[in-house]
Amino acid sequence: IIVFIAAIGVFFAYKAGRTVTVVGNSNDEFWQETVSQFPPLPEPEKNRVDIMLVGIRGYDGSGEWGKGEWLADTIILASFNTENNQAALISIPRDLYINIPQHGKDKINAAYAVGETRSFGGGGLQLLKAIASHTTGVYVDHAISVDFNGFEKVIDYLGGITIYRHTPFLEYQQWKQDG
């Protein structure tokens with residue numbers, strides 16, 4: 001199972017290009033600094049591999065920042081039992097209100113953005129990995145993030161998705177109550 005997951009991860013990263021970030025069991029300085037801000041994290045389980053999958057909007061290349069490009073819109077914890085070959089997926093609500101060390105109370109989806117401001121190019125994933133481990137009580141062995149451009153590339157490579165609508169898709173009334 002682990003080899004299969006690794007192969008899918010490599011394929012996914014290859015097809016998505018630079019829009020994918022992967023963090024494993026790292027001993028680098030930022031990871032050590034991050035985990036030192038928490039009570040001891042849960043210990044890794046011998047018969048389990050826990051992988052956090054994170055979807056972010058990503059930078060759109062417009063030259064403007066601060067439009068939520070680093071917010072984690074999707075956070076899924078995939079857990080694989082290597083003894084009985086069973087798997088489970090748990091979605092962590094992006095609006096879960098938590099304490100982010102050295103930042104304060106915020107939604108869990110902001111942790112990725114906070115981590116990227118501290119250590120660009122992987123800090124967001126490491127901070128979110130530590131927070132998810134602390135919050136769920138499950139040690140997250142690996143974490144993968146993909147932005148929307150990477151997601152589109154992989155879907156296109158797999159043959160795409162055709163959606164038929166008989167009416168136009170308009171969002172102009174989404175925030176109607178806000179004026």
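Biologist: Where is glutamine 102 found?

Modeller: Glutamine 102 lies in the loop between β5 and β6 (104–107); strands are DSSP runs of E with at least two residues, helices runs of H or I with at least four, numbered from the N terminus. This is a predicted model, in which local features need pLDDT of at least 70, side-chain atom pairs count only at pLDDT 80 or more, and totals for chains, interfaces and linings use all residues. Residues are numbered from 1 along each chain as its sequence is written, and side-chain values use heavy atoms, with hydrogens and water left out.

Biologist: Why is glutamine 102 called exposed?

Modeller: Exposed means over 50% relative accessible area, buried under 20%, partly exposed in between (1.4 Å probe, protein chains only). Glutamine 102 has 66%, so it counts as exposed. Its phi is positive, about 60 degrees, although it is not a glycine.

Biologist: What makes asparagine 85 exposed?

Modeller: Its relative accessibility is 55%, so asparagine 85 is exposed. Asparagine 85 sits in the loop between β3 and β4 (86–91), and its phi is near 60 degrees, a positive value in a residue other than glycine.

Biologist: What makes a set of residues a nonpolar core?

Modeller: The members are buried Ala, Val, Leu, Ile, Met, Phe, Trp, Tyr and Cys residues joined through side-chain atoms within 4.5 Å. The largest such core has 26 residues, and Met52, Ile100 and Leu128 are among those with the most contacts inside it. Its largest share, 6 residues, comes from α4.

Biologist: Which residues does isoleucine 100 contact, leaving aside neighbours within four places in sequence?

Modeller: Contact means heavy atoms within 4.5 Å. The partners of isoleucine 100 include Asp106, Ala110, Val114 and Ile131.
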